[in-house]
Amino acid sequence: MAVIGKLPPHLADMIAAGEVVERPANVIKELLENAFDADAQFVTVEIEKGGVTLMRVSDDGCGMEPADMVMAFERHATSKIHQTEDLEAIVTMGFRGEALAAVAAVSRVTMTSRRADDAMGHEVSVQASALLSQHSVGGPQGTTVVVRDLFFNTPARYKFLKKDATEAGYIQSMVMRAALSRPDVSVRFVKDGQQVFQTPGDSDLRSAIYCLYGRELLAGMLPVSNEYEGMSVTGFTGQPSLARGNRALEIFVVNGRPVGSKTLMAALEEAYAKMLLTGRYPISVLHLDMDPSLYDINVHPAKAEIKFARERQVFEAVYMAVRNALQQGDAVVRPTLAVAEPTPAPTETLTMRQPELQLVQSRPVVAPPPVMAPPPIARPATPPQQSMPIELPQQVELPQDEPWRVVGEVLGGYILIEQGQQLLLLDKHAAHERLLYERWAASQPAQMAQQLLAPLVVRMAPDQQALLLQHSDLLEQAGFELDDYGDGALLLRAVPHDLDADDAGALLDELAHEWRSGRRGATLRTRDELLKMVSCKAAIKIGKRSSRQEIEALAQTVMTTPTLRHCPHGRPLLVSLSRKEVEKLFLRQ
Ligand code: ADP
Ligand code: MG
């Protein structure tokens with residue numbers, strides 16, 4: 001006799017519900033996500049008694065037609081995914097089509113919805129997966145879902161709920177995270193008849209933070225804004241003095257979705273290394289925007305964990321963005337030489353750290369010294385590997401008054417310096433970039449502009465030209481003087497000194513492109529942001545050999561100025577390799 005049978009659908013739903021719906025906060029999360037997916041501008045979340053007796057989420061989104069409302073409670077019923085390719089580019093919050101079915105399996109749900117063009121709305125009631133009733137009703141555009149008596153039919157799960165106040169706390173932090181992830185939506189939270197907060201929905205993350213955390217915390221938050229390898233990291237991060245005893249206010253949002261991620265946490269905390277005592281955690285709201293095909297959100301039933309395809313780049317993007325913000329915000333790190341741990345390729349991490357293991361590797365070649373491992377840019381720290389402890393970077397003091405000498409330029413862009421018992425590698429491009437930036441930032445706009453003997457005609461798309469002209473005041477602040485030359489052309493009269501006039505055209509073109517595409521949204525709108533961009537363009541290119549005098553002068557400036565330790569984007573300028581580390585690599589220890 002066959003012993004394997006198919007589960008009846010309502011049992012399957014109840015089991016699935018266990019994965020998605022563990023507590024009221026999960027229900028709220030799913031309902032909020034549905035409201036966001038429906039393009040709501042206003043969402044209200046109301047709860048009673050920790051959400052167990054009642055949860056109501058109303059939105060002013062697109063609404064549903066009656067037949068779809070019934071369908072929506074079926075498992076795997078979704079309007080968001082139709083083919084496998086869609087899974088690669090998920091932009092909506094929901095996509096598995098199981099949330100409503102899961103919630104309805106373990107509660108009594110009433111959903112009311114009306115689309116903008118329909119005269120009447122519709123109401124559907126479902127209890128423990130069974131359709132109880134449906135009928136037309138009047139009502140505002142949008143959708144309201146009311147969930148009552150959660151877990152009324154699953155006593156075992158009901159028993160695991162905590163006190164109402166605790167469940168309400170979970171819900172509140174869930175709603176806060178959602179509100180911080182979508183500053184463009186007004187989110188109102190009402191608890192036991194009392195409004196707790198309502199964010200303005202004015203698209204300004206600052207307003208949402210102000211509304212949720214208050215004036216004082218907002219005043220201590222530093223703006224974060226950085227572009228790196230096609231990712232943008234924006235938001236706010238707290239001064240070290242605002243640190244807290246837990247991670248509850250480390251908030252990460254990837255393409256509008258609040259997520260948990262060890263990589264992101266490690267990168268954030270790493271950026272604060274040495275600024276916070278052990279057991280203290282920063283306050284931060286960071287928005288990452290990137291190509292959706294570069295991560296997988298489908299690894300966790302409630303989509304709360306994210307897996308990145310390029311962990312290292314993500315780590316670096318966040319680390320540098322935050323580091324940069326902290327440096328700009330005067331919370332400057334000790335003027336020591338922050339040195340990266342050796343940066344092996346991920347799979348080599350273990351062998352690098354334990355040289356004796358290399359002998360049993362099939363590859364006969366002993367790995368090269370880690371700091372020289374590709375890619376050549378010194379990494380601030382190694383992102384955590386799965387199930388491996390995070391390697392923290394070592395802070396090494398640059399010995400005071402210890403003589404040093406430039407050995408030469410190596411690998412087409414790094415200056416090798418020997419000082420006492422250590423070797424230093426100085427990133428030529430990054431160092432030059434930082435120097436130019438410092439010099440320009442300290443000078444008046446008129447001083448940094450260099451008049452061209454013969455004005456230069458630069459041609460580009462007419463809309464780009466118009467954008468540049470529109471921002472000519474801002475550009476003047478950064479040393480560019482330009483005039484309309486008609487027909488998609490500009491007349492360039494002055495460029496920042498040290499910037500090759502031939503590079504200026506390409507830079508302006510790129511800038512206009514960024515402005516037009518809106519990719520850099522908030523960035524590249526201030527003199528400071530422009531100076532960073534210009535200094536990067538104007539700095540000596542990697543791969544271009546420099547004269548002995550040039551590299552000596554650069555090394556001299558960096559070695560004698562303890563504040564010059566990072567490029568304007570936060571990458572380190574110097575890394576070191578001690579005699580001990582060298583000896584270890586040669587198995588002399
Ligand atoms: P998913 O969000 O994964 O598609 P759900 O079970 O959460 O699955 O919802 C099923 C479907 O019901 C959605 O795809 C959507 O079409 C519809 N829906 C749910 N909530 C709303 C809402 N608030 N407004 C408009 N449509 C909704
Ligand atoms: Mg959903």
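This is a predicted model: local features need pLDDT of at least 70, side-chain atom pairs count only at pLDDT 80 or more; totals for chains, interfaces and linings use all residues.
Let's start with the cores. The largest nonpolar core has 61 residues. Which of them touch the most other members? Those are Ile28, Val175, Leu180, Ile209 and Tyr213. Helix α7, residues 164-181, gives this core its largest share, 8 residues.

Next, helix α10, residues 262-271. Here 7 of the 10 residues are buried, so the helix is largely enclosed by the rest of the structure. The buried ones are Thr263, Leu264, Ala266, Ala267, Leu268, Glu270 and Ala271. What covers them? The cover includes strands β10, β11, β12, β13 and β15, plus helix α11 at 311-328.

Last, the helix pair. Helix α14 spans residues 428-442, and helix α19 spans 527-538. Their axes come within 8 Å and cross at roughly 140 degrees. That makes α14 oblique to α19. The crossing is right-handed.

Who meets whom? From α14 come His429, His432, Glu433, Leu436, Tyr437, Trp440 and Ala441. They meet Arg527, Asp528, Leu531, Lys532, Val534, Ser535, Cys536 and Ala538 in α19. By class, that contact has 8 nonpolar, 3 polar and 4 charged residues.

Conventions:
Residues are numbered from 1 along each chain as its sequence is written. Chains are lettered from A and ligands numbered from 1 in the order in which they are written. Side-chain values use heavy atoms; hydrogens and water are left out. Axes are lines fitted to C-alpha atoms, for helices over the stretch in contact, and angles run from 0 to 180 degrees between N-to-C directions. Helices (H or I, at least four residues) and strands (E, at least two) are DSSP runs, numbered from the N terminus. Angles under 35 degrees count as roughly parallel, over 145 as roughly antiparallel, 65 to 115 as roughly perpendicular and the rest as oblique. A crossing is left-handed if the near helix is turned anticlockwise from the far one by less than a right angle, and right-handed if clockwise. Contact means heavy atoms within 4.5 Å. Ala, Val, Leu, Ile, Met, Phe, Trp, Tyr, Cys and Pro count as nonpolar, Asp, Glu, Lys and Arg as charged, and the others, Gly among them, as polar. A nonpolar core is a set of buried Ala, Val, Leu, Ile, Met, Phe, Trp, Tyr and Cys residues joined through side-chain atoms within 4.5 Å. Buried means under 20% relative accessible area, exposed over 50%, partly exposed in between (1.4 Å probe, protein chains only).
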